Every structure is written in structure tokens, then in C-alpha cells.
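Good morning, colleagues. I would ask you to keep the sequence and the structure in view while I speak.

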Amino acid sequence: MSELRLRFSDGDQPDLAVGAGVHALGRLPTGLGPVDAEQSWLLRVSNDRRGLWLTVAEGLRGVHVNGRPVQHVAMLRAGDSIHVDGGELLLVAANADRVAAPVIAGRDPVGNLRLVLRGLGGNHHGRSLNLEKPRRIGSATDADLRIDGPGIAPQHALIEAVNGQAVLRDAAADVQVNGQRVRHALLQAGDQVAFDVQHRFVLEGPPPAAVVQPPRVREGNGDGDDDLPASGRRHWTLRVPWLLLAAILLAAALSALLLFGAR
């Protein structure tokens with residue numbers, strides 16, 4: 001995933017890059033912002049090998065992640081909305097490499113079944129919906145995923161799986177992927193898609209397939225062997241039938257013993 005940043009709702013505070021380590025947030029004259037670890041803090045965001053974690057200061061109340069109260073610790077993902085001390089923080093990822101959805105021909109039904117949208121907030125919290133077919137999302141009564149609310153269009157977006165790759169198409173202006181507004185996007189497992197403020201879903205499925213590099217082929221002299229990949233050529237010693245050769249030598253030794261042995 002691209003670099004994660006915390007975006008402050010007041011607009012006066014620049015985005016805070018959330019790299020590896022601990023990032024403390026506290027009250028500043030201009031509002032909520034980054035503070036030193038020695039100062040009084042309200043929230044701490046830790047980025048380590050386990051993931052991204054939010055720690056709430058002892059006794060602080062009124063902290064919510066995606067509308068759900070947090071009293072001590074919560075795990076975060078890109079796209080989460082954090083409300084604290086009357087302000088909002090949005091955890092965003094650039095995703096610049098996946099904002100354009102290509103045209104992909106053909107379908108992979110098995111790969112598509114591995115992709116699932118799981119609700120994180122709103123009326124569909126906890127619900128899972130596979131992508132075995134294109135899913136129309138909106139306020140229409142026949143929508144595959146019906147969501148209601150101010151500004152929700154009858155067809156607010158379309159999510160489909162093509163060759164095992166989830167694609168968001170024709171999204172309304174307020175649709176966000178990992179905190180960024182997009183109209184079309186390639187989705188990966190772990191991406192959070194938000195429709196309006198409260199309707200949030202995470203894409204679950206296998207990670208993107210690794211690109212397998214073809215074996216290198218040496219330029220040979222035309223004898224046939226040098227044209228094979230290095231990993232495919234077998235040493236000449238591996239081609240000798242050693243077991244058969246040993247059997248022949250053993251038979252020869254026995255024959256010599258019978259013929260020329262003691263008489």
C-alpha cells in the first residue's frame with residue numbers, strides 16, 4: 001500500500017506522514033496536531049510490523065473510529081475516520097498507482113469467488129457479499145448492495161471482479177478508497193471503500209499474484225543445449241545411467257570369478 005498520512009479536518013494542519021514508529025497527537029493552539037512524546041498527548045498512532053495501532057490516552061472519552069467508540073486501543077486501516085476532541089482525522093493512502101481501472105477482457109469465476117466485500121460500518125456492518133457477479137451499489141430497490149442516506153444515488157457505484165481483480169467503476173463523487181475520492185480504481189485486498197460517511201466496506205481476498213519472470217535463455221552456438229534455460233540444462237553426469245552401469249560391472253566381475261577362479 002502507498003504511504004499513509006493523517007489528514008486533519010480543519011485544513012490548517014498539513015498532513016502527517018505515518019511512517020514506522022510512534023506518532024503522538026495532542027492539543028495545539030491551532031487545534032489537534034503532532035506533539036513530542038514528552039508532551040501531553042491525546043492519541044498515539046504506532047506503525048510497526050504488526051500493523052497500524054491507535055492508543056487512546058488514559059481517561060479520554062469520546063474517541064470514535066468509523067463511528068464506533070474506542071476506549072483504549074484499536075487497529076487502523078487506510079480510509080478510517082477518527083473523531084476526537086471535536087475534530088476529525090482521516091487516514092489516507094495515495095493509491096496513485098491504482099486510480100485508473102483498465103479494460104480487462106475475459107473472466108475468472110473461481111478467482112472472482114475469492115473476493116468478498118465485508119461491511120465495517122452502517123446498516124451492513126458484518127455482512128459479507130462476494131463478487132461472483134457485478135455488484136450495483138446504491139439506493140435503488142433492486143441494488144445488489146442497497147444503502148440509504150442523503151446524496152446516495154440509485155446507482156452510486158459498481159464493483160465487479162474481472163479475472164480475480166476487483167474493479168470499482170462509475171463511482172459517485174463522494175466515494176472514497178482508502179480515504180481518497182475516486183471515480184474508478186483497481187482494488188486490492190485490505191482496501192477500504194466508503195460510500196458517504198457511515199457506509200464502509202473492506203475488500204477481503206488473496207493478495208495480488210506475484211509477477212513470475214520467465215527463465216532467461218542463453219544465446220548458444222546452435223548445438224541445442226545452450227538454447228535451454230540455465231535451470232533446465234542437466235549436467236552430462238546426470239544423464240549417465242549409473243545404476244545400469246554398476247549392474248553391468250557387477251555381472252562382469254561375477255563372470256570373471258566363475259571363469260578364472262580357483263580350479
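**Overall build**

The protein chain has 3 helices and 22 strands; helices are DSSP runs of H or I with at least four residues, strands are runs of E with at least two, and both are numbered from the N terminus. This is a predicted model, in which local features need pLDDT of at least 70 and side-chain atom pairs count only at pLDDT 80 or more, while totals for chains, interfaces and linings use all residues. Residues are numbered from 1 along each chain as its sequence is written, and side-chain values use heavy atoms, with hydrogens and water left out.

Of the 263 residues of the protein chain, 37% count as buried. Buried means under 20% relative accessible area, exposed means over 50%, and partly exposed lies in between, with a 1.4 Å probe and protein chains only. The protein chain exposes about 15600 Å², and carbon and sulfur atoms supply 56% of that area; accessible areas come from the Shrake-Rupley method with a 1.4 Å probe, and for residues only the protein chains shown count as cover. Contact means heavy atoms within 4.5 Å. Among contacts between residues at least 6 apart in sequence, 40% join residues at least 24 apart.

**The sheets**

Let me turn to the strands. Six of them, in the order S2-S1-S11-S10-S7-S8, form an open sheet with antiparallel pairing. Its edge strands are S2 (16-17) and S8 (68-69), each of which pairs on one side only. Two strands pair if DSSP finds at least two bridges between them. Within this sheet, strand S7 (residues 64-65) is joined to S10 by 2 bridges, and the two run antiparallel. Val-65 has Ile-82 as its bridge partner in S10.

Asn-66 lies in the loop between S7 and S8. Its phi is near 55°, a positive value in a residue other than glycine. Is Asn-66 buried or exposed? Asn-66 counts as buried, because its relative accessibility is 18%.

A second open sheet of 6 strands has the order S13-S12-S22-S21-S18-S19, again with antiparallel pairing. Here the edge strands are S13 (128-130) and S19 (180-181), and each pairs on one side only. Strand S12 (residues 116-121) and strand S22 (residues 199-204) pair in the antiparallel sense over 5 bridges. The bridge partner of Arg-118 in S22 is Val-202.

Gln-180 is placed in strand S19. Because its relative accessibility is 18%, Gln-180 counts as buried. Leaving aside neighbours within four places in sequence, Gln-180 is in contact with Arg-5, Arg-7, Val-92, Ala-93, Ala-94 and Val-175.

There is also a hairpin, which joins S3 to S4 through 2 residues. Strand S3 (residues 21-28) and strand S4 (residues 31-35) run antiparallel and are joined by 5 bridges. In S4, Pro-34 is the bridge partner of Leu-25.

**The cores**

Which residues touch the most other members of the largest nonpolar core? Of its 26 residues, they are Leu-6 and Leu-43. A nonpolar core is a set of buried Ala, Val, Leu, Ile, Met, Phe, Trp, Tyr and Cys residues joined through side-chain atoms within 4.5 Å. The elements that give two or more residues to this core are strands S1 (4-8), S5 (43-48), S6 (51-56), S9 (73-76), S10 (81-84) and S11 (87-93). Apart from it lies another core, of 24 residues, among them Leu-129, Ala-172, Leu-187 and Phe-195.

The structure holds 1 aromatic pair. Phe-195 and Phe-201 form this pair, which is edge-to-face, at 6.0 Å centre to centre and 65° between the planes. Rings of Phe, Tyr and Trp (its six-membered ring) pair if their centres lie within 6.5 Å; planes under 30 degrees apart count as stacked, over 60 as edge-to-face and the rest as tilted. Phe-195 and Phe-201 are both buried.

**Around strand S17**

Finally, Gln-165 is found in strand S17 (residues 165-169). Gln-165 is partly exposed, because its relative accessible area is 25%. Beyond neighbours within four places in sequence, Gln-165 is in contact with Leu-115, Glu-160, Leu-186 and Leu-187. Its side chain reaches the backbone oxygen of Leu-187 at 2.6 Å.

Asp-170 has its place in the loop between S17 and strand S18 (176-177). Its phi is near 50°, a positive value in a residue other than glycine. With a relative accessibility of 49%, Asp-170 counts as partly exposed.

Definitions and conventions
Polar contact = N/O pair within 3.5 Å; in protein donor to acceptor, adjacent residues only side chain to side chain.
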